[in-house]
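Hi everyone, thanks for making the time. I'd like to walk you through one model today, and I'll keep it short.

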Amino acid sequence: MADAGKFDGIIFDVDGTLWDTTGVCAEAWNRAIEENSAEKPGLTADFLKTQFGKPMNVIFSAVLPDLSQAERDRLSLICCEYEERWLRANKVPCYEGVEEGLRRLAERYPLYIVSNCQNGYIEEFLRNSGLGPCITDFMCYGDTLAPKSETMRRLIEKNGLKAPVYVGDTEGDANACREAGVPFVFVSYGFGDVKEYYAKADSFKDLEEIFG
């Protein structure tokens, strides 16, 4: 268990840490691409699990590898629009224990979110889950157009944090934490596999116990 006084804020990843929208995105992006181009992408949730956590431009380079950058950029914006409409029309469950657990953690720590997602995605997560009141601040790739480590540093500086910790699920998250000098807590129920971390949680209940 971590010393309850050790950290002055907990920063969370979203996809693979708080919820899983890969199935939603596969459905929405397939439809968006098919209705707005000649491509037949055949995206699956399993494939997107290997991509989520990367910056959006990197993800769409893998999703639409044969297109020009201009066409890829055009379709990526349309995909995000379809995705947002789907999320607004449907409730996406968080991982087990997340909603109750975040509310309890918010009573003891300031909570933040840093993600490699596009603008509007974190807002949609907060609206969809009803967890907006639990989150002090958030920042994403769409805000900074920078690697996650830099986005993390900017959020930390903006909020005057001296001893934050980051919770995520992929090696990319772990690498970003090393670059930003932030301890990394690995949640093993997500999309990735990480070997080096400050602490490991196999469930959100375990995560609560780590933070006392």
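This is a predicted model: local features need pLDDT of at least 70, side-chain atom pairs count only at pLDDT 80 or more; totals for chains, interfaces and linings use all residues.

**A walk through the model**

Let's start with Ser-61, which is partly exposed at a relative accessible area of 31%; buried means under 20%, exposed means over 50%, and partly exposed is what lies in between, with a 1.4 Å probe and protein chains only. Residues are numbered from 1 along each chain as its sequence is written, and side-chain values use heavy atoms, with hydrogens and water left out.

Back to Ser-61, which has its place in helix H3, residues 56-63. Helices (H or I, at least four residues) and strands (E, at least two) are DSSP runs, numbered from the N terminus. The Ser-61 side chain reaches the backbone oxygen of Asn-57 at 2.9 Å. That is a polar contact: a pair of N or O atoms within 3.5 Å, where, within protein, one must be able to donate a hydrogen and the other to accept it, and residues adjacent in sequence count only if both atoms are side-chain atoms. Ser-76 is 15 residues from Ser-61 along the chain, and their C-alpha atoms are separated by 9.6 Å.

Now to the rings. How many aromatic pairs does the structure hold? There are 11 of them. Rings of Phe, Tyr and Trp (its six-membered ring) pair if their centres lie within 6.5 Å; planes under 30 degrees apart count as stacked, over 60 as edge-to-face, and the rest as tilted. Take Phe-7 and Phe-211: the ring centres are 6.1 Å apart and the planes stand at 75°, so this pair is edge-to-face. The pair links distant parts of the chain, 204 residues apart, with Phe-7 in the segment before strand E1 (9-12) and Phe-211 in the segment after helix H10 (204-210). Phe-7 is buried at 6%, and Phe-211 is buried at 0%. Together with Tyr-109 and Tyr-198, Phe-7 and Phe-211 form one aromatic cluster.

Another ring worth a look is that of Tyr-82, where the charged end of Arg-85 sits over the ring, 4.6 Å from its centre. The criterion there is NZ of Lys or CZ of Arg within 6 Å of the ring centre and within 35 degrees of the ring normal.

Next, the cores. A nonpolar core is a set of buried Ala, Val, Leu, Ile, Met, Phe, Trp, Tyr and Cys residues joined through side-chain atoms within 4.5 Å. The largest one has 58 residues, and Phe-12, Trp-29, Leu-207 and Phe-211 have the most contacts inside it. Helix H1 (residues 22-36) gives the largest share of this core, seven residues. Apart from that core lies another, of 17 residues, including Tyr-112 and Phe-184.

So which residues does Phe-211 touch, not counting those up to four places away in sequence? They are Phe-7, Ile-10, Leu-105, Arg-108, Tyr-109, Val-165, Val-167 and Val-185, with contact meaning heavy atoms within 4.5 Å.

On to helix H5 (residues 98-106), where Val-98, Gly-101, Leu-102 and Leu-105 are buried. They cover an arc of only 100° around the axis, which puts them on the same side of H5; the arc is that of the directions from the helix axis to the C-beta atoms. This buried set packs against E1, strand E2 (111-115) and H10.

Just after H8, Gly-160 takes a positive phi of about 65°.

Let me finish with two loops. Thr-170, between strand E4 (164-168) and helix H9 (171-180), is buried at 13%. Leaving aside neighbours within four places in sequence, Thr-170 is in contact with Phe-52, Phe-184, Phe-191, Gly-192 and Val-194.
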